[in-house]
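Please walk through this model one feature at a time. Start at a charged pair, then move to a surface patch, a pocket and a few pairs of positions along the chain.

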Amino acid sequence: MLNSYAAYSATHIDEPELFVEKPIAEYTEIEALGKQAQFYRSINIWLAADTAYSNGMISESTYLIGIADAKSMFNTQKESGTIIFWQLILAKHRFLADKEIINTIGEELDR
């Protein structure tokens, strides 16, 4: 999990253009697919953190950093309108509803 998070962070450094937000109407189809892939990678990391925390493999503080990261991302996504991608992703993965991070995402989407 930590290696995945480190690789994701390295992507921020190596390819910052992938993380620049703009209004959703300005995304090309390819950029929209890239944004969705970015979200899938994020959710995979957060689900790994959720599972690791539930199994006592990471500390609460490490887990809470992941929760804070998710909330921060959602605030940015709401401003740009790309939050719709999150809504589509969660609609496809309702079987994950028992995960705390998924509930947190849902709460943030409802705000």
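Is E31 buried, exposed or partly exposed? E31 is partly exposed, because its relative accessible area is 33% (buried means under 20%, exposed over 50%, and partly exposed in between, with a 1.4 Å probe and protein chains only). The model is predicted, so local features need pLDDT of at least 70, side-chain atom pairs count only at pLDDT 80 or more, and totals for chains, interfaces and linings use all residues. Residues are numbered from 1 along each chain as its sequence is written, and side-chain values use heavy atoms, with hydrogens and water left out.

E31 has a partner. Its side chain meets that of K22 in a salt bridge, at 2.9 Å from N to O. The term asks for a side-chain nitrogen of Lys or Arg within 4 Å of a carboxyl oxygen of Asp or Glu. By this rule the count comes to 1 salt bridge. K22 has a relative accessible area of 24%, so K22 is partly exposed.

Next, the surface. I24, I84 and L88 make a nonpolar patch of about 220 Å². Patches are made of residues with over 30% relative accessible area and no salt bridge; like charges are joined within 9 Å, and nonpolar side chains (Val, Leu, Ile, Met, Phe, Trp, Tyr) within 5 Å. Accessible areas come from the Shrake-Rupley method with a 1.4 Å probe, and for residues only the protein chains shown count as cover. L88 sits in helix 4, residues 83–92. Helices are DSSP runs of H or I with at least four residues, numbered from the N terminus. L88 counts as partly exposed because its relative accessibility is 46%.

Now the second largest pocket. Its volume is about 210 Å³. On a 1 Å grid over the protein atoms alone, a pocket is an open set of points where a 1.4 Å probe fits, with protein on both sides within 12 Å along at least five of seven lines; lining residues have an atom within 4 Å of a point. The volume is the space filled by probe spheres set on the points, which are joined across faces, edges and corners. The lining of this pocket has 13 residues, and Y8, H12, F19, D69 and M73 lie nearest the centre. Helix 1 (2–14), helix 2 (29–54) and helix 3 (60–80) each give two or more residues to the lining. Helix 3 gives the largest share, 5 residues. By class, the lining has 4 nonpolar, 6 polar and 3 charged residues. Here Ala, Val, Leu, Ile, Met, Phe, Trp, Tyr, Cys and Pro count as nonpolar, Asp, Glu, Lys and Arg as charged, and the others, Gly among them, as polar.

Finally, sequence against space. I67 lies in helix 3. I67 counts as buried because its relative accessibility is 10%. I67 and I101 are 34 residues apart along the chain, with 7.1 Å between their C-alpha atoms. G81 is in the loop between helix 3 and helix 4. G81 and P23 are 58 residues apart along the chain, and their C-alpha atoms are separated by 6.2 Å. S9, in helix 1, is 59 residues from A68 along the chain, with 15 Å between the C-alpha atoms.

I30 and L47 are 17 residues apart in sequence and 26 Å apart in space, C-alpha to C-alpha.
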